Amino acid sequence: MRWQGGEQSENLEDRRRTAGPVMLGGGGLLVLVVVAMLFGVDPRKLNQLVNQAQVGQGNAAGQQGELSPQELEQQKFMGTILRFTEVVWGDQFRKVGKQYEPPKMVLFSQRVQTGCGVAPSAVGPFYCPADRTVYLDPTFFEELAQKLGGSKSEFSQAYVIAHEIGHHVQNLLGYSDLVDQQRQRLPEGEFNQWSVRLELQADYLAGVWAHYGQEKFNFIEAGDVESAITSANAIGDDRLQKSQVGFTSPEKYTHGTSKQRISWFTRGLQTGDLSRLDEIFKMPYERL
Ligand SMILES: [Zn+2]
């Protein structure tokens, strides 16, 4: 991915060296939670997750000092990708006479205080609508590559960020509210279908972002799209459930299968067509 030398966002905050009052006990934080919550954590469950992860008082190791050169490079990369999303979504919103209000992004390590509660790294990257912020522990990409068979290429990281920004776009456009209303009236099994639609739409939005980003910044290099697909493939619900519990049960899906995630990301990337957003909520579930 070509990003070096690009402008950096002013909406990135790096909290990796900021220690808060609540620390999570020990390492070995529930891999199960990592995979279950990937990219789509229900913010209301955060506090519960932290309890499961045995919150204790005390000091986390490795929290002091300056950021390493590698961490600074990560910061620069994330800031540049965030800026790419601001420019692309700014343009797209303007086209339809709206104003894009960019979200914030916070880099953290181990756990973070958010507008949606305290979150351990184990939940994976997520967007909190209450404070309009994307939270991300960059070590997630190591997990994704090592434990889940995803790619940690820069473009596949950009895809993950773009997916979270997609949730912000959904928030601005009212799709998140639409799904929240269903959450309150439907039993869990039925509600999961709405959750899948929302997640696939976020993948589609990530693709749309890449489409216009490529037009404007020409940032995609050979192999990049394939690497994002490798990651999308690794984090489909069918794959995740298989690696967690050895079998899959479709009514428990909340993010969509690997094939669906790849398909919607790719469609967004190829077409850049924002007039199709409603379609993802209207088409029969079996055809998604
Ligand atoms: Zn998501």
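Trainee: How many of the 20 residues of α5 are buried?
Mentor: This is a predicted model. Buried here takes 20 or more other C-beta atoms within 10 Å of a residue's own. α5 is largely enclosed by the rest of the structure, because the buried residues among its 20 number 17.

Trainee: What span should α5 have, at 1.5 Å a residue?
Mentor: α5 covers residues 154-173. Its end C-alpha atoms lie 28 Å apart.

Trainee: Which strands stand at the edges of the open sheet?
Mentor: The sheet has four strands in the order β1-β4-β8-β7, with mixed pairing. An edge strand has a single partner, so one of its sides is left without a neighbour in the sheet. That applies to β1 (12-14) and β7 (126-128).

Trainee: Which strands of the sheet does α5 touch?
Mentor: Neighbouring strands here are turned by 25° against each other on average, direction ignored. α5 packs on this sheet, and its direction makes about 25° with that of β7. The strands touched are β7 and β8.

Trainee: Which residue of β4 is the bridge partner of L12?
Mentor: β1 and β4 (residues 104-107) pair in the parallel sense, over three bridges. Within β4, the partner of L12 is M105.

Terms used. Residues are numbered from 1 along each chain as its sequence is written. This is a predicted model: local features need pLDDT of at least 70, side-chain atom pairs count only at pLDDT 80 or more; totals for chains, interfaces and linings use all residues. Two strands pair if DSSP finds at least two bridges between them. Helices (H or I, at least four residues) and strands (E, at least two) are DSSP runs, numbered from the N terminus. Axes are lines fitted to C-alpha atoms, for helices over the stretch in contact, and angles run from 0 to 180 degrees between N-to-C directions. Two residues are in contact if their C-beta atoms, placed from the backbone, lie within 7 Å. The expected span of a helix is 1.5 Å times one less than its number of residues. A residue is buried if 20 or more other C-beta atoms lie within 10 Å of its own, exposed if 12 or fewer, and partly exposed in between; C-beta atoms are placed from the backbone.
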